Amino acid sequence: IGFDCGLFSLVFDHVPDQVFTIDTTNRNTSAVLVDVAKAIAFKTPLNEIGRQIDSYFVRTLFAPTIDQGNIVSKVIYVDDYSNIVTNVEVELFERVRNGRSFSIQLRQAGDAIKRLSRSYDEVQQGEVAAIINEPGYIEIGINGGKASQLLNLKYGDNIRIEFYDNTNRTADHKAHAIS
């Protein structure tokens with residue numbers, strides 16, 4: 001139960017089977033929400049509570065996209081330590097990765113992360129690392145540093161994760177070196 005402001009598209013990974021709208025004209029919105037919750041608790045059929053609709057407001061800012069087999073993600077949060085949280089969950093990452101090698105491309109030229117660490121302490125002081133945080137999202141930080149500031153990344157910025165097959169990358173590299 002909530003307002004049609006895009007929140008549901010950010011909270012749920014799937015499209016709902018049914019969506020209903022409730023008329024709040026000339027009524028206290030909080031009271032309407034309480035009445036709807038009570039009706040649902042008493043198992044009132046949804047079509048008696050509201051009118052079924054075909055679409056609702058969807059926000060896509062926070063949804064990662066898959067572009068030519070790579071993931072284009074967004075910075076969705078910068079924590080108190082200046083670590084960067086992306087919108088890429090480990091399940092999506094592993095599904096798209098499919099056993100391939102990867103490179104997390106950051107804004108600064110030359111800054112790329114090629115492995116996931118268990119913690120920031122696994123890398124040298126001042127080195128950039130990517131970890132899977134407690135909620136299961138890819139997080140980027142610098143051991144002993146402030147990643148958001150040093151990498152010039154903020155809320156809403158893009159981060160690209162590229163996947164490649166080691167044999168093809170090596171073959172491509174050799175072909176360029178010979179020609």
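Seven salt bridges are counted in this structure, a salt bridge being a side-chain nitrogen of Lys or Arg within 4 Å of a carboxyl oxygen of Asp or Glu. The model is predicted, so local features need pLDDT of at least 70 and side-chain atom pairs count only at pLDDT 80 or more, while totals for chains, interfaces and linings use all residues. Residues are numbered from 1 along each chain as its sequence is written, and side-chain values use heavy atoms, with hydrogens and water left out.

**Overall architecture**

- The protein chain has six helices and 11 strands; helices (H or I, at least four residues) and strands (E, at least two) are DSSP runs, numbered from the N terminus.
- Buried residues make up 31% of the 179 residues of the protein chain, where buried means under 20% relative accessible area, exposed over 50% and partly exposed in between (1.4 Å probe, protein chains only).

- Aspartate 67 and arginine 160 form a salt bridge whose closest N and O atoms are 3.4 Å apart.
- Because aspartate 67 lies in strand 3 (residues 65-67) and arginine 160 in strand 11 (residues 158-164), this pair ties together parts that are 93 residues apart in sequence.
- Arginine 160 also forms a salt bridge with glutamate 162, with 3.3 Å between the closest N and O atoms.
- Shared partners join Asp67, Arg160 and Glu162 into one network of salt bridges.
- Aspartate 67 is partly exposed at 33% relative accessible area, as are arginine 160 at 23% and glutamate 162 at 29%.

**The aspartate 35 pair**

- Aspartate 35 and arginine 27 meet through their side chains in a salt bridge (3.2 Å, N to O).
- Aspartate 35 is partly exposed at 38% relative accessible area, and arginine 27 is partly exposed at 43%.
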